[in-house]
Amino acid sequence: MKRENGIKKLTDVSCWDVVVIGGGATGLGVALDAVTRGFSTLLLEATDFAKGTSSRSTKLVHGGVRYLAQGDVALVREALRERGRLAKNAPHLFKTQSFIIPGEKWWTAPYYTFGLWLYDRLSGKLSIGHTHHLGKNEAKNRLSGVKDEKLNAGVCYYDGQFDDTRLAITLAQSITDNGGTALNYFAVTGLEKDDKGQVCGVCATDKLTGETFNIKAKAVVNATGVFANEIIAMDEPHAKPRIVPAQGIHLVLDKEFLPGDDALMVPKTSDGRVLFAVPWHNKLVVGTTDTLVEKAEYEPKPIEKEIQFILDTAKDYLKKAPTRADVRSVFAGLRPLAAPKDEGKSTKEVSRSHKVEVTGSKLVHIFGGKWTTYRQMAEDTVNAAIDAGLLPQKPCQTVDLRLHGYTTADTYLDETPLTFYGADAKQITALADSDEALAKPIHENFPYVYAQIQWAIDHEMAYTLEDVLARRMRLLFLDAKAAGEAAQSVAEFMALRLNWDTERTTQEVADFKVLVKQYTL
Ligand SMILES: Cc1cc2nc3c(=O)[nH]c(=O)nc-3n(C[C@H](O)[C@H](O)[C@H](O)COP(=O)(O)OP(=O)(O)OC[C@H]3O[C@@H](n4cnc5c(N)ncnc54)[C@H](O)[C@@H]3O)c2cc1C
């Protein structure tokens, strides 16, 4: 992952087989699928990898219990299959997480046990643990943070959990490992068309230098999530918006609000959604909401009523009611939903399955989907480009493809702060061992060390303070105040490595502090 190598290829390759616009879960998946089939592949991301929705998920690799309740069995089966594949192909990034649904009334536990037994059966050979009923005492012991009156019984089931931005970086590295090129801070500003009006490339700007490029390609894929309407408009200036953003927020609390290893799943909140409280990096992530918003933004703002809704639901279940002062971080993300044809339909009823389209001008769009199904989405997208005659027939290779950093399957049992780097962890440890300054933690309450920043700069295309503190490490998402406290010294460390002058360093810290404010209640 060296930017200079990628940029050199831009001038060396006269026509790429595939150019992917967008470096979130969807685009990274498509680029990895294309390059491993043997297509020359370039991915362009306008900001940082996973800066959009892909860093703001609930961090679940799941079939979606809610979709089963809605009868979308095909979507659940597909997602459970993909969950099992990710567990095998990237064990360093996949954690099996137990979830407990509290059985408040006498009938709720048997009802959910049956539903989750079915959920489990749908995963077939790729099951990651069996659903079982919990008696009152066991439910109370395991969910000691939940009010007794909610726990007449319980149901325990299993799903996957991950770190979304670490998987995104791993995918970018896997693209490079397989001979592809992935560049962040590279925005597509227009589409090139041939004399038949068919898309044959893109115009792009290197946002770090301002240099512009005209890039030729046989297939151009729009994988820009909630920003897809902008690319659609480059193709058809008068097209109606196809994507509506639906916002979901999460609050991050200290783990003491739900001690133990189990996650809490509330199957029906007052707004009819599910709510999760999931242990993550020694904190508790609680969410989410579903609110239609007007426009797609890179830093969507949590709405007061969403914050209140999560606090109220948490208060209803948890013995220790969290208040605003307990919130370590609040983050919002936007689901790229297909605009509902029926105006009265609420966003939670719109299917989360993905949709691939090839337009008359041969632009390939991939809309919607989930992090969990990124691999299948990618396979379907590249197949569609082949079926449209843009690329020659070549079979998909990603079903069993081990991702960058793959190590043995039980890595996660011994979780350490470096687990998510997989095989690369050894090199980061060696860096820390070689220099006392690199072994120092960046904040006294967190295990992140300076060696990880050095690694992020050298091997993970990190260029800004935010890249490091929000996505290569997750401090902004785990504790915004702590991230603000670490900002100055981390910026000074980066300044030495990246040759920032005082003005740039001051600006990086100032920009980051604006974010810290937004992630703090
Ligand atoms: C609140 C919430 C919770 C969720 N939880 C889960 C979960 O637990 N599990 C799960 O499986 N899924 C979950 N999802 C869904 C999942 O996060 C998304 O489906 C996925 O991240 C979307 O990825 P994407 O690549 O399509 O979009 P994005 O991540 O937004 O990526 C699109 C990228 O395109 C780039 N881009 C835009 N315009 C241009 C341009 N002109 N040139 C170059 N690049 C451009 C953007 O910068 C952006 O990085 C959740 C979603 C939300 C909102």
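**Salt bridges, ligand shell and surface patch**

At a relative accessibility of 49%, K319 counts as partly exposed; this class lies between buried (under 20% relative accessible area) and exposed (over 50%), computed with a 1.4 Å probe and protein chains only. The model is predicted, and local features therefore need pLDDT of at least 70 and side-chain atom pairs pLDDT 80 or more, whereas totals for chains, interfaces and linings use all residues. Residues are numbered from 1 along each chain as its sequence is written, and side-chain values use heavy atoms, with hydrogens and water left out.

K319 forms a salt bridge with D148, in which the closest N and O atoms are 3.9 Å apart; the term denotes a side-chain nitrogen of Lys or Arg within 4 Å of a carboxyl oxygen of Asp or Glu. D148 lies in the loop between helix 6 (136-142) and strand 6 (153-161), and K319 in the loop between helix 9 (304-317) and strand 16 (329-338), so the pair ties together parts that are 171 residues apart in sequence. Helices (H or I, at least four residues) and strands (E, at least two) are DSSP runs numbered from the N terminus. D148 is also partly exposed, at 39% relative accessible area.

In total, the structure holds 37 salt bridges. One of these joins the side chains of K355 and E357, with an N to O distance of 3.5 Å; K355 is partly exposed at 46%. A network of salt bridges links D48, K51, R56, E299, E466, D467, R471 and R472.

R375, found in helix 10, has a relative accessibility of 5% and counts as buried. R375 forms a salt bridge with E379, the closest N and O atoms being 3.0 Å apart. The two residues are 4 positions apart in helix 10 (residues 374-387), about one turn of the helix, and both are buried. The side chain of R375 also makes polar contacts with the side chains of E82 at 2.9 Å and of Q376 at 3.2 Å. A polar contact is a pair of N or O atoms within 3.5 Å; within protein, one must be able to donate a hydrogen and the other to accept it, and residues adjacent in sequence count only if both atoms are side-chain atoms.

The ligand has 38 residues around it, of which T26, E45, S54, Y298 and T372 come nearest; a residue is near a molecule or strand if one of its heavy atoms lies within 4 Å of it. An oxygen atom of the ligand is 2.6 Å from an N or O atom in the side chain of T372. Polar backbone atoms also take part: that of A46 is 3.0 Å from a ligand nitrogen, and that of K59 is 3.5 Å from a ligand oxygen. Taken alone, the ligand exposes 1000 Å², and the protein buries 96% of that. Accessible areas come from the Shrake-Rupley method with a 1.4 Å probe; for residues, only the protein chains shown count as cover.

At least two shell residues are supplied by each of helix 2 (25-36), strand 8 (186-193), strand 11 (243-254) and strand 16. The shell has 14 nonpolar, 19 polar and 5 charged residues, where Ala, Val, Leu, Ile, Met, Phe, Trp, Tyr, Cys and Pro count as nonpolar, Asp, Glu, Lys and Arg as charged, and the others, Gly among them, as polar.

On the surface, W106, W107 and Y111 form a nonpolar patch with about 470 Å² of accessible area together. Patches are made of residues with over 30% relative accessible area and no salt bridge, like charges being joined within 9 Å and nonpolar side chains (Val, Leu, Ile, Met, Phe, Trp, Tyr) within 5 Å. W107 lies in the loop between strand 4 (95-103) and helix 5 (108-122) and is partly exposed at 40% relative accessibility.
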